[in-house]
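Welcome to this short tour. Open your viewer, get ready to select residues by chain and number, and follow along.

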Number of protein chains: 4
Amino acid sequence: MTTASPNETDSHFAVLLISCPDQKGLVASITEFIYSNNGNIIHLDQHVDVQHKIFFMRIAWDLEDFRIPADAIGEVFGAIATRFNMAWSLQLSDFVPRMAVFVSSQLHCLYDLLSRYQSQEWRIEIPLIISNHRAAEQIAHQFHIDFHYLPVTRDNKPEQEARQLELLRAYQVDFIVLARYMQILSGDFVAHYPNRIINIHHSFLPAFAGAKPYHSAYDRGVKIIGATSHYVTAELDNGPIIEQDVVRVSHKDAVKDLIRKGKDLEKIVLARAIWNHIQHKILIYNNKTVIFE
Amino acid sequence: MTTASPNETDSHFAVLLISCPDQKGLVASITEFIYSNNGNIIHLDQHVDVQHKIFFMRIAWDLEDFRIPADAIGEVFGAIATRFNMAWSLQLSDFVPRMAVFVSSQLHCLYDLLSRYQSQEWRIEIPLIISNHRAAEQIAHQFHIDFHYLPVTRDNKPEQEARQLELLRAYQVDFIVLARYMQILSGDFVAHYPNRIINIHHSFLPAFAGAKPYHSAYDRGVKIIGATSHYVTAELDNGPIIEQDVVRVSHKDAVKDLIRKGKDLEKIVLARAIWNHIQHKILIYNNKTVIFE
Amino acid sequence: MTTASPNETDSHFAVLLISCPDQKGLVASITEFIYSNNGNIIHLDQHVDVQHKIFFMRIAWDLEDFRIPADAIGEVFGAIATRFNMAWSLQLSDFVPRMAVFVSSQLHCLYDLLSRYQSQEWRIEIPLIISNHRAAEQIAHQFHIDFHYLPVTRDNKPEQEARQLELLRAYQVDFIVLARYMQILSGDFVAHYPNRIINIHHSFLPAFAGAKPYHSAYDRGVKIIGATSHYVTAELDNGPIIEQDVVRVSHKDAVKDLIRKGKDLEKIVLARAIWNHIQHKILIYNNKTVIFE
Amino acid sequence: MTTASPNETDSHFAVLLISCPDQKGLVASITEFIYSNNGNIIHLDQHVDVQHKIFFMRIAWDLEDFRIPADAIGEVFGAIATRFNMAWSLQLSDFVPRMAVFVSSQLHCLYDLLSRYQSQEWRIEIPLIISNHRAAEQIAHQFHIDFHYLPVTRDNKPEQEARQLELLRAYQVDFIVLARYMQILSGDFVAHYPNRIINIHHSFLPAFAGAKPYHSAYDRGVKIIGATSHYVTAELDNGPIIEQDVVRVSHKDAVKDLIRKGKDLEKIVLARAIWNHIQHKILIYNNKTVIFE
């Protein structure tokens, strides 16, 4: 079900994500590297955290007439990277990332993801769904995606996580989306996919972290509720925030209304986070994200 | 500087705010009271908290042909109220509430309040401004409002609060607005004006309560910041929320940008809260508000 | 796939929607009707258009101990209605409306509707999908819903509309949702389902009515785009607006980005409109809606 | 009342705004120019309109150790500009623009501007206010700003515009803000200040251009209203849009409520537009804006 890229251009291009200590000459050196090799810059975004003196850049360029072969770019750019002490990653537009979905019994985000997938809105593969409930099994079949039922209890958690990791390797998964997966992943599990596990939390973090945020929001009497998508870290609901959005509520809304309104938020906030991830628009530092929109 | 009411109607009308245990016949009895006395209902809003079985109502009616004189309405209605065990308050449209402003050195909310006041956007009187700094003194003079400078230290706080209470009584103040007043009021002070002190907090509560919320929001890397207006209770930043609003931020925004964007939010959120308060649109229960918008 | 109602209460209840010339005694008479027959009001919302002196009300009450049998309520209430010259409609919570979906080749709204349907988020039946393209056929099968392919040309439009009406009757359809159906319905067709055809238009109406609104929005350089759900009338994109929402865009967004961002808006705005419709929360007058939220 | 810049940095810096036909080597050449002269880039934003193949850039750099004196930068950069056929403008952080305010009888935006000015939120001078009414005269005095009363009729418009232009020259005004100025400026007048007259229109353009937009919005029954700030061109309400924002309304809101809610929008949208203008963040092409936020 792989599709032609709906974005940037239909041509081949490369994306570099770079961060390093700020200093003079960075932009000139990077753009000169591309220009002198006959590349045409499609997008360039840069940002400097003035407080911490860190430089961030996302640069995308057309590979059409680029003089360096795609598989040699990393090696050539490495020399510049070393000179400026850069952390960097290179992505080629041909690459189609493989995404696993973890889900429990709330299925609205899963439906939304699979609809976008089947509509070819995203240039990805979804080879498998893993769940601790059977609720999603029918949908997985409906959308022709492998489903693995791995119920988790306090006792079997280590074995089940081992089984999950085995599956992720077998299916060559690049990143994981927790589409309302109601289990806390161990720090050990998370360490296998650093900045590659995307969660959707049903509150406006840092308010109402943890369980039952809609109930807490109702009890506090807030006038606005939110949803937050973030990368998963070892600390619960505390990873780098990718995207948030909110919707207005009132005293007329019971908890079930917050849940109903919140579901629509969750779907959209998670989808936007995934979009930014697969477009290589996200850099992470200090437990925060730079999103090159 | 009192002005004709810009709202509801230019005629005389009464507003009843009612809460009581839910039971059959409440609406029928209240509306029959008004109808049988030849009143014309202008607005009626009611709400039932199904979980706690509490009934809430705001009802406004024209006094033009109403058979009960304005000053006797309370007495007559009292009989119905007793029958249904109601908590209630009656406001007449002729009443012009007197509002005191407490402010420190951040003046954007004060400017906004005084501009609305001088423009006669609100039907209120602002007889005095109290501050622990001299920063607002010139503005007070500019807008022809009495200014009282009462610096607060750990040692003199009880005396200064006593002096404040004295001034509030002398100026016959009905409610207080803390327009970025950077002092915590004592529980004793608050008890003199229950549900009559409105604060603006520069975060999306309950996230980032307390000091320096914009710095905390920046450090956490949130993608949206907010402001919250609430009634002041003895517990800091934990009173019933009246209004909240938010604005989107990004990694490009430094703390000073959050402050700049937040100021505009604070002005509007506080102004909306005051509007709802002076229009008698707010009922309070369980540390939450019912806003009859 | 009919399900227990997720809303209001799980008990049986009735909803009355009423509009009439404003006059004294309306609320008292209506609520007395319910109270005297031992009904318990669950929700009551009323509104007066002061300019046109029109009264609107939505009232929902529990039928548990109500003394009038459900099938006789209309007759009994009719006497009150006549006295006050009311237009009114009565809905019982047991009723499950049947919704037809019309769609063309943009399928995101269809996916969203069917996902909500299969998740039992809405208490409705969707017996059929009608389309002028074959694009939706596979999805219809996937969700086990009858699909009818009725291609429309300038020449065959009258016959195809006749065929559509025949299907709608055969499937006993109560209301129609145009989920990005790219054909203009004739005034004759619309007259068969007055205020029962819900459209989603991909702009913030009245801006950019008609074809290619995202292209027009791009050309005008707006900073915000929107979506509008409205009842279909004989005049294109000019029916009563049910719901609107917006999302921020910038110069960085090409037309394809407006389309991408707009799709998410369209899904949510249409879903909210359907929700309000099936909850009997909408009254229509002067080509506008009163939404009792 | 000129103040130290609250933004970017307190140091001296330069800002270049550039647009030209897109081609390879642009970014490399511009950044090399700065780097080779020992400048440190503070901000860099670029954008390419792929459809029209136009390149846009905003680049800000520190002048601290820059080898070219500030008053010679233009000349040196001119050589690069000519090579790439650039349209460009250079701004130095020391420059304090002078802003004239035109206003009629709605004063909320004026209050907001003057409050920000007096609070030194903006690094500008406001030497004069021009009005066709006397309503703003007191406020002008209150804020110690010259006020010129120039009533406009159909007959005297050319003479009054001539007088206005004379005043603008005399006060050395750099740009004009129409803070709800209810007169249409002639094309001739506008031609004196191309892209330097900022208007606030009280609707979500292009919906409801022209007079009485709140009344039109009410009549159409929209669920959201907006405000739009744009540069003034010869065609009414059709200039390049700088900023827009919206607020939700409902059937409960009468026209006066739309006006009340809209006023707060207008203040904020206009203020944001002015902020972007004085920060040199705006490029204009094809009657649209590129905002480098």
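**Where chains A and B meet**

Start by selecting chains A and B: 34 residues of chain A are in contact with 34 residues of chain B (contact means heavy atoms within 4.5 Å). This is a predicted model, in which local features need pLDDT of at least 70, side-chain atom pairs count only at pLDDT 80 or more, and totals for chains, interfaces and linings use all residues. Residues are numbered from 1 along each chain as its sequence is written, chains are lettered from A and ligands numbered from 1 in the order in which they are written, and side-chain values use heavy atoms, leaving out hydrogens and water.

The area buried between the two chains is about 3,000 Å², with 52% given by carbon and sulfur atoms (buried area is the accessible area, for a 1.4 Å probe, that two parts lose on being put together, summed over both). Now pick A:Arg220, A:Lys223 and A:His251, which supply 25% of the area that chain A buries against chain B, more than any other three residues.

Next, select B:Arg248 and A:Asp245: they form a salt bridge, with the closest N and O atoms 3.7 Å apart (a side-chain nitrogen of Lys or Arg within 4 Å of a carboxyl oxygen of Asp or Glu). The rule finds four salt bridges across this interface.

**Over to chain D**

Finally, go to D:His251, in the loop between β11 (241–248) and α8 (255–278) of chain D (helices, H or I, of at least four residues and strands, E, of at least two are DSSP runs, numbered from the N terminus). Among the residues that D:His251 touches are C:His47, C:Phe292 and D:Lys223.

Methods. Lists of a residue's contacts leave out its neighbours within four places in sequence.
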